[in-house]
Amino acid sequence: MPPPPVRSPSRLLLCHCRLPFHISPQTRLPLSHNSSVRRRFHCSAVSAVSALSSDPQIAPTDLTTTPPSSHILSIRESLLSRRRTAADVAGEYLDRLRRTEPHIRSFLHVSETTMREAEEVDRLVASGKDLGPLAGVLVGVKDNICTAGMPSTGGSRILEGYRPPFDATAVRKLKEAGAIVIGKTNMDEFGMGSTTEGSGFQVTANPWDISRVPGGSSGGSAAAVSAKQCVVSLGSDTGGSVRQPASFCGVVGLKPTYGRVSRFGLMAYASSLDVIGCFGASVIDSAIVLNVVSGHDRFDSTSSTHEVPDYASFLMSTDHFESTPLKGLKVGMIRETIGDGVDVGVISSIKAAALHLEELGATITEVSLPSFSLGLPAYYVLASSEASSNLSRYDGVRYGNRATVDELNSLYGDSRADGLGPEVKMRILMGTYALSAGYYDAYYKRAQQVRTLIRKSFKDALEKMDILVSPAVPSPAYKIGEKVNDPLAMYAGDIMTVNVNLAGLPALVVPCGFVEGGSAGLPVGLQMIGSSFSEEKLLRIGHIFEQTLPNYRFVPPLFLELV
Amino acid sequence: MATGMTMSDATLLRRLSTLLVARSGCPRRMRLFSSYIVRGATFEPPDVSHLADSARISLAPGEVEDFGPKIRQVIDWFGQLQAVDLESVEPSVRADAEVSMYKREDTPETFENREAIIRVAPSYDDPYIKVPKVLSKE
C-alpha cells in the first residue's frame, strides 16, 4: 500500500513543526536579512544557464541563487497542474543523461522503457486517479540492487548480463509509488571500494572535475544526481559508500539506521553492516525517498518493525523559520575527526558549518569518542570476513558467467578467477584468513568486541548530545588513479564513516562548503549522526541547515556547461 | 608454545584460565592468561595459495605474487586489534542489541517467476542445472 499521496507542495511546507526544541512558526526571518543573504552567493560557473524545466516555478538564474528545492514536489506540481507531462520531464532527463554520459559515465545500463513508463504516468494523470508520491520521478538505482528484467551486475564481470527474476523490495516500493527507474548506476565491484575504479566495467568521473573520482562505492548514483541525470538515486552504504560520494559530489546522502530499509534484493557484501541509502539534490527529496522505501519486510528478517513516520512532513519553508530555529539543539563535534590527517580545507569547511549551526541557535561542543580509530581495522576484518562468506555464491553454477572447463572444482575456481576483480579477490582471501580455525578469536571475535566498544561510545555521546557532526571524508575528491595501488591508503579514507556502520546508526551528509580544486572548487559535506531511528531529527536539522546556508550553491560546472 | 597455536591449545588455555578464575575468584590471573594467549601468539603469515584454494579462486602465479605483500600488509594492520584490552567486552554480532521478535509463517510459497530463474542458469537440462563432472582429489 503506497503512502498517501502528497496533496500540494505549499501545503506540505506549511505544516506545524513539532521539533523538541522551541520553534514558533509565526516568527519570520527579517526580510532584509534574507535577501542580502541570498545575494551573497558563490556562483559555481558563469555562462548561460538554460532552463531547468523540471522546476517550472523557478527561473533559470535562480538555480544558483536560491537554496535547493524539492525536484520531486516540483515535478508533482507540474503534473497535477497539467503544466507539463511526465513524458516531457522524462524526455528532458534522458536528453541530459545522454549528453553528459560520455563525460561522466555514471550508468551501466539505461532503461529502454522510460518513455513508455512516463506515458503511463500521463494516462494516470489524465484519468484523475491518485498519483503516488514519486509519480514521474526518474530514479537511478545502484547496480547491486536487483531490478527485474534489467541487468544487475553488482559492478562485476561475474554477473555481466545477469537479469534478476525479481525486484528488490526498495525498488518495488519505488515503482509502486510511481517512480521510473531510468537506469542502473556504476559502482565499485560488490561495494568494495571508495572510488568506482573498482568497477569491472568503467570508471565514473566527478561532475565537479572529470579528472577526479566521484567517490564510492555508490559513485555512479552520486554523480548521476549531481549532474541531474536523474532526480534521486538509491545507493548502498556498508562503510560509507553513500556518505563519502555525497560529500565528493556535493549532493545530499542519507544512510538510514540498520534495518530501516529492507535489504531484500541488495546483493550482500557484509550482512551486519549493509544498508540501502539514497541521494538527492535537497534534504526534502531524500526524506521523500526514505518515506517510500522504509519499513518492515517479511523477506528481510533484519528489517525493523519500528514505525515509519512521515519524514518529509515537518520540513518547513524558510519563511516560517524563526531567527534561531535550532535553539536548544546540542551538537557534538567529534574531536578525532578534525585533527591530524584531515585536509586543512575540509576542517575549515566543517568549522564554518559548525558556526552556521551556532548562528541557527545550536550549541557546539567538542566530544571525544574512545576507541574511534580502532573502528577502521575492526570494520575491515568484519567486512572482509562476511564478504568471503557472502560472495561464495558467485560460483558460475546457477547464474552469472561460467568458465568452460571439464571439472567442477575448476568451474568454481576459474569462474571466480575470471569474473571477480583484484580488490574483491583480496578481500575474500583476507576474510578467509580471518575466519580460519585458530584465527577466528584473534580477528573476527576481537573485531566484534571492538564493535561493542564503538556502539557504547556513540550511545554515551548521544545521551549528552542531540546529534554528532564530523566531516564525511578527510579530503575532497581524489584524482583518478591516485589510490589505485595502495589498499591501506584507500581504506584510511573511510575513517569518518565506518564507525557509524558498526553501530548501525543513521547519518545524513549535507554539502556545506568548498575546497580548492577543479574549475569551481570541490565540494565538502558535513556528516550528521543521530541515534537509532532518529532520521526524522537528522532530516529536520539538515533541512534547516541547507535552506539557510549562505554563499554556497552546489551546481557542478559540467551541468551548467552542457545543459 | 605460542607459535602456530592450534585451536585446541587455545581452547585448553582458555578453559584453564576460566578454572583459575572460578577457583580464586581473581580476575587478574585470568587477564594474565588471556593476554598471554593473545600477545604471545604469532600466527602463521597468510599463505595466499592455500587461502585461494579454500576460497575456490584459481589465482594465476602472478596474482599470488602481487597479492601476497598487499594481503600481508593489511593483515599486519589488523594486528592492532591484538593490542587492545578487550577483557570482559561482549562481542556484538550485529549493530543493535534488540532482536526482532517477528517471525513469518513457516509455509512455503511458490515463486511466481521460476522461468526467469531457470533462464539465467548457464546450462539447464530440465529439471537439472548441469555442471561438469566432479573428479576426486586422489
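This is a predicted model: local features need pLDDT of at least 70, side-chain atom pairs count only at pLDDT 80 or more; totals for chains, interfaces and linings use all residues.

Me: What makes A:Arg298 and B:Glu109 a salt bridge?

Reply: The term asks for a side-chain nitrogen of Lys or Arg within 4 Å of a carboxyl oxygen of Asp or Glu. The closest N and O atoms of A:Arg298 and B:Glu109 are 2.8 Å apart, so the pair qualifies. Between chain A and chain B the count is two salt bridges.

Me: How do you know which residues belong to the contact between the chains?

Reply: Contact means heavy atoms within 4.5 Å, and the contact takes 66 residues from chain A and 58 residues from chain B. About 5,700 Å² is buried between the two chains, 67% of it from carbon and sulfur atoms; buried area is the accessible area (1.4 Å probe) that two parts lose on being put together, summed over both.

Me: Why is A:Lys456 called exposed, but A:Asp460 partly exposed?

Reply: Buried means under 20% relative accessible area, exposed over 50%, and partly exposed in between (1.4 Å probe, protein chains only). A:Lys456 has 53%, so exposed it is. A:Asp460 has 30%, so it falls in between. The two form a salt bridge at 3.0 Å, and both lie in helix α14 of chain A, four residues apart, about one turn of the helix. Helices here are DSSP runs (H or I, at least four residues), numbered from the N terminus.

Me: What makes A:Lys537 and A:Asp466 a salt bridge, and why does the pair tie together separate parts?

Reply: N to O is 3.7 Å, so the pair passes the cut-off. A:Lys537 lies in helix α17 (residues 535-548) and A:Asp466 in the loop between α14 and β10 (467-471), so the pair links parts 71 residues apart in sequence. A:Lys537 itself, at 21%, counts as partly exposed.

Me: And what makes a nonpolar core?

Reply: Buried Ala, Val, Leu, Ile, Met, Phe, Trp, Tyr and Cys residues joined through side-chain atoms within 4.5 Å. The largest such core has 180 residues, and A:Phe190 and A:Leu234 have the most contacts inside it. Helix α14(A) gives the largest share of this core, nine residues.

Notes. Residues are numbered from 1 along each chain as its sequence is written. Chains are lettered from A and ligands numbered from 1 in the order in which they are written. Side-chain values use heavy atoms; hydrogens and water are left out. Helices (H or I, at least four residues) and strands (E, at least two) are DSSP runs, numbered from the N terminus.
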